[in-house]
Amino acid sequence: MRRLLFPVLMWLASCMPAATPETASRAAASLGDLGPLPAMKTFPRTQPAPPAISNTDLARDVLDLAFALESGRPLEQFSRFETPITVTVQGEAPPTLLPDLDRLLARLRGEAGIDISRVEDAASNITLVAVPRDEIRRHLPQAACFVVPNVSSLQEYLSARHSRRVSWTGVTRRTRVAIFVPADAAPQELRDCLHEEIAQALGPLNDLYRLGDSVFNDDNVHTVLTGYDMMVLRVFYDPALRPGMRRDEVAVRLPSILARLNPEGRLHQARRLPATPPDWGASVQTALGPGTGPEARRRAAAMALGIAEREGWRDHRLGFSHYAMGRVLQGSEPEAARRAFLRAKYAFKHAPGTALHLAYVDAQLAAYEINANRPEAALALTAPHLETAMRHENAALLSTLLLLRSEALDLVGRASESRRLKLDSLGWARYGFGPDWAVGAKAREIGSLNPLKGGRGAG
């Protein structure tokens, strides 16, 4: 299981709508005086940045990712598929699934050097099983999607779920894996599941909070595979490694592998970020996850922040601790939440590789500026992050930034620009948030911040 349902990426009310059985008609949908919603927008190309990391740090990361599970349980042997690898799709695939899957597989071939392709044959190595979201939650309530070894269908998984057959601890050479994804999720959430779960099926079975530029991190900030992630997968499938190797055997081979694959890594200074105490991750999940009351959330957020300060962190984890506190306080103490977001921004600005983190924080801060009738400040906060959201293929974030800018333009009297930007944002929102009712809810939510429309606050 990789993609959890705790709303770490929430800004304003949410980064993705809650599940609901309601389905709106796209043909008849409209948003107030804007008329019918525009067509869904998608990203034309991927723009991954090459990893900026020392080979010393990268070797440590590969070992920690390969030789432990997310639970912390150690793995004795290195495991992967033998190529070529085939992928097939079962179930009712929504229209965006196959195009997004084909783009991902093309990236894996080109950037990670993995021989992987989609086939129609049911007997494939990786089977993507598209099922209703409620079916996933019935079996794993906190998961948006999950991956299981040695099965190819939901029926197989259910019959074997309490046996060692579906335990990764016994897997050395991967041959058959099933990935369960929500067929009725927003296109972006489904795409994110493809990236995270296929990456786990192919490579790392662990997540590390210390990784700032990676999907192999349970904070869910990055949701499409980064240049760093592709490098990790390239290392996993290097011919110098083979399934069944012990940790010390892999460690001996990594320096020469990385010298070949990442020659720039010899020029970067090692950061040697400290490990993350398990209590910090547990506190973050309690603070931002489902099923926790307000006081418990606040205590958990305070504990996470206390751990970050006690550990002396100066990396993205400190900024995320402040961000989590802001999210927890936003509904009850908006001014205290704003101060927490400002502290998060300061921490992220002084840590490398945090452009996407900063985009989330400045979206929050821009909402306060709009509600306080300071539109120029909101425009200045959001402007630097449009390209960041585009580069990271985050339509939910991009549409939110555009909607915030639309309200700011409305406040300064630039009505025609405001309307054009709102229409642009809605095309991205259809990919990021999914059904038309969710797109409309997001637009109305951000519109309610506008004091000229009766806005009451940013929380």
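# Report on a predicted protein model

Among contacts in the protein between residues at least 6 apart in sequence, 74% join residues at least 24 apart. This figure, like the others in this report, was computed from a predicted model.

## Overall form

The secondary structure of the protein comes to 17 helices and 7 strands. Its radius of gyration is 22 Å, close to the 23 Å that the globule rule gives for 459 residues, so the protein is as compact as a globular protein of that length. Taken along the principal axes, the box that the C-alpha atoms fill is roughly 65 × 50 × 40 Å, and buried residues make up 56% of the 459 residues.

## The disulfide

A search of the whole structure finds 1 disulfide, and this link joins Cys-145 to Cys-193 with a distance of 2.1 Å from S to S. Cys-145 lies in the loop between α3 (133-139) and β5 (146-149), while Cys-193 belongs to helix α5 (residues 187-202), so the pair ties together parts that are 48 residues apart in sequence. The link of Cys-145 and Cys-193 is left-handed, with -90° about the S-S bond. Cys-145 counts as buried, at 0% relative accessibility, and Cys-193 also counts as buried, at 0% relative accessibility.

## Aromatic rings

The count of aromatic pairs comes to 12. In one of them, the rings of Phe-78 and Phe-236 have their centres 5.1 Å apart and their planes at 45°, so the pair is tilted. This pair links distant parts of the chain, since Phe-78 is in the loop between α1 (55-66) and β1 (80-81) and Phe-236 is in helix α6 (residues 227-236), 158 residues apart. Both Phe-78 and Phe-236 are buried.

One aromatic cluster is formed by Tyr-209, Trp-280, Trp-313, Phe-320, Tyr-323 and Phe-341. Over the ring of Trp-313, a member of this cluster, sits the charged end of Arg-317, 4.1 Å from the ring centre.

## Helix α8 and its two sides

Trp-280, also in that cluster, is one of the buried residues of helix α8 (residues 278-288), together with Gly-281, Ser-283, Val-284, Ala-287 and Leu-288. Seen down the axis of α8, these buried residues fall within an arc of 160°, so they line one face of the helix. What covers the buried residues of α8 includes α9 (294-311) and α10 (316-329), whereas Pro-278 and Asp-279, on the other side of α8, are exposed.

## Individual residues and their surroundings

Tyr-157 has its place in helix α4 (residues 154-160), where it is buried, with a relative accessible area of 8%. Leaving aside its neighbours within four places in sequence, Tyr-157 is in contact with Phe-146, Val-148, Val-151 and Phe-180. The C-alpha atoms of Tyr-157 and Ala-178 are 8.5 Å apart in space, and these two residues are 21 residues apart in sequence.

Asn-55 lies in helix α1 and, not counting residues up to four places away in sequence, touches Leu-258, Ala-259, Asn-262, Gly-265 and Arg-266. Glu-445 is found in helix α17 (residues 436-447), and from Glu-445 to Leu-426, which is 19 residues apart in sequence, the distance in space is 13 Å, C-alpha to C-alpha.

The peptide bond from Thr-83 to Pro-84 is cis, with omega near 5°, and Pro-84 is found in the loop between β1 and β2 (85-91). Asn-150 has a positive phi of about 70° although it is not a glycine, and its place is in the loop between β5 and α4. Arg-272, which is not a glycine either, has a positive phi of about 50° and lies in the loop between α7 (247-261) and α8.

The table gives the accessibility of several residues named above.

| Residue | Relative accessibility | Class |
|---|---|---|
| Asn-55 | 11% | buried |
| Asn-150 | 24% | partly exposed |
| Arg-272 | 57% | exposed |
| Glu-445 | 22% | partly exposed |

The class of Glu-445 follows from its 22% relative accessibility, because residues count as buried under 20% and as exposed over 50%, with partly exposed in between.

How values were computed
Residues are numbered from 1 along each chain as its sequence is written. This is a predicted model: local features need pLDDT of at least 70, side-chain atom pairs count only at pLDDT 80 or more; totals for chains, interfaces and linings use all residues. Side-chain values use heavy atoms; hydrogens and water are left out. A disulfide is a pair of cysteine sulfur atoms within 2.5 Å. Helices (H or I, at least four residues) and strands (E, at least two) are DSSP runs, numbered from the N terminus. Buried means under 20% relative accessible area, exposed over 50%, partly exposed in between (1.4 Å probe, protein chains only). Rings of Phe, Tyr and Trp (its six-membered ring) pair if their centres lie within 6.5 Å; planes under 30 degrees apart count as stacked, over 60 as edge-to-face and the rest as tilted. A charge sits over a ring if NZ of Lys or CZ of Arg is within 6 Å of the ring centre and within 35 degrees of the ring normal. The arc is that of the directions from the helix axis to the C-beta atoms. Contact means heavy atoms within 4.5 Å. The radius of gyration is taken over C-alpha atoms; the globule rule is 2.2 Å times the number of residues to the power 0.38.
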